Amino acid sequence: MKIGIDMGGSHVAIGIVNENGKIIEKFEKDIKTVGDQAKAEISTYIIEIISKIKENHNIEKIGIGSPGTPRDGVLTNLINLKIKEFDISSILMEHFDIPVLLKNDAKCAGLAEKTYGALKEYQDAVFLCLGTGIGASVFMNGKELKPIQNPGMEIGHMVIDKNGIKCNCGKTGCFETLCSIKRLKDKLIDEMNLSKEVSSKELLEILKWRAKEENIKKILEEYIDNLNIGLSNIIDIFAPQAICLGGGFVYFEEILYKPFLEKYYNERKSFYKDRIPNIKLALLGNDAGIIGATI
């Protein structure tokens with residue numbers, strides 16, 4: 001058995017993953033603290049759960065998926081938790097004689113979809129995690145591309161509107177400033193004058209009734225247009241057989257995915273002909289990060 005850990009912006013999910021990539025048991029906790037307190041809270045929780053798991057299972061590996069760029073066993077720049085560096089690998093290896101592997105969370109989700117999910121039938125493919133930002137992983141000839149200098153594949157930071165808004169990375173008009181689900185939700189919440197605390201589920205229920213209002217329709221159409229631009233660039237650079245859209249985007253199937261597909265295929269028939277890359281919706285949902293962390 002393997003243990004997969006998905007470190008979110010304010011949430012930790014831990015799963016026991018079998019040899020077939022199936023989660024047989026899952027544990028989750030919201031993290032209410034920040035900084036050093038968050039480090040202590042997360043470490044204590046993970047150690048407690050792994051100790052409990054080890055009572056009944058032989059664990060061969062611990063995999064952790066995290067936002068940002070993990071380096072040499074250290075998590076870096078967990079912005080929402082106000083943590084600059086977190087050497088979680090050393091902490092866990094002090095308690096357990098088990099290898100610990102860290103990866104970017106979007107790349108974990110991409111590996112899971114390539115191995116067990118929507119991309120398993122394709123050799124050349126791109127996975128996009130449309131959530132708080134836009135993370136990505138790219139596969140060519142069945143293997144994940146891994147640049148030597150940096151983890152790379154920061155597709156969310158390609159500029160698609162030089163006159164757009166400033167991104168957290170410092171550039172202007174990045175893909176994720178226009179197509180992250182967080183940015184879309186913020187825009188819709190402001191436009192409909194909703195509480196900032198509204199959940200994604202509540203927002204989707206509201207959109208069922210209001211999506212055809214002209215101002216809301218315009219926001220959704222702009223999002224689809226920008227997604228189309230981003231994917232056009234990805235297709236021209238990587239020439240994938242398929243692109244998988246994951247993250248929070250999967251919950252917007254009726255409102256975003258289906259209208260996008262119609263526009264996407266209609267616009268590409270003339271110049272891609274029978275080589276139009278398939279656009280797939282991620283199949284593994286929130287479990288992808290846990291599963292991919294163990295691969």
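User: Which strands does helix α3 lie across, and at what angle does it run to β7?

Analyst: An angle of this kind compares two axes (lines fitted to C-alpha atoms, for helices over the stretch in contact, with angles from 0 to 180 degrees between N-to-C directions). Helix α3, residues 105–115, lies across β1, β4 and β7, and its direction is at about 95° to β7. Helices (H or I, at least four residues) and strands (E, at least two) are DSSP runs numbered from the N terminus. The model is predicted, so local features need pLDDT of at least 70 and side-chain atom pairs pLDDT 80 or more, while totals for chains, interfaces and linings use all residues. Residues are numbered from 1 along each chain as its sequence is written, and side-chain values use heavy atoms, leaving out hydrogens and water.

User: In what order do the strands of the five-stranded sheet stand?

Analyst: Strands of a sheet pair through backbone hydrogen bonds, either parallel or antiparallel. Here the open sheet has the order β3-β2-β1-β4-β7, with mixed pairing; two strands pair if DSSP finds at least two bridges between them. Strands β3 (23–30) and β7 (100–104) are at the edges with a single partner strand each, so one side of each has no neighbour in the sheet. From one strand to the next, the twist averages 15°. Strands β1 (2–7) and β4 (61–66) run parallel and are joined by five bridges, and D6 stands opposite G65 in β4. Helix α2, residues 88–95, also packs on this sheet, where it touches β4 and β7, and its direction makes about 155° with that of β7.

User: Which residues have the most contacts inside the largest nonpolar core?

Analyst: In soluble globular proteins, nonpolar side chains tend to be buried together. A nonpolar core is a set of buried Ala, Val, Leu, Ile, Met, Phe, Trp, Tyr and Cys residues joined through side-chain atoms within 4.5 Å. The largest one has 55 residues, and L128 and F175 have the most contacts inside it. Helix α7 gives the most to this core, with 10 residues. Another core, of 30 residues, lies apart from it and includes I31, A38, I64 and L92.

User: How many residues of strand β8 are buried?

Analyst: In β8 (125–130), five of the six residues are buried. β8 pairs with β9 (134–140) in the antiparallel sense over six bridges, and a hairpin of three residues joins the two strands. L128 has A136 in β9 as its bridge partner. β8 also pairs with β11, in the parallel sense over six bridges, and there C129 has G246 as its bridge partner.

User: What span should α7 have, and what follows this helix?

Analyst: The expected span of a helix is 1.5 Å times one less than its number of residues. The 25 residues of α7 should therefore span 36 Å, in agreement with the 36 Å between its end C-alpha atoms. A239 follows α7 and has a positive phi, near 45°. A239 is exposed, with 52% relative accessibility, and is found in the loop between α7 (214–238) and β11 (242–247).

Terms used. Buried means under 20% relative accessible area, exposed over 50%, partly exposed in between (1.4 Å probe, protein chains only). Contact means heavy atoms within 4.5 Å.
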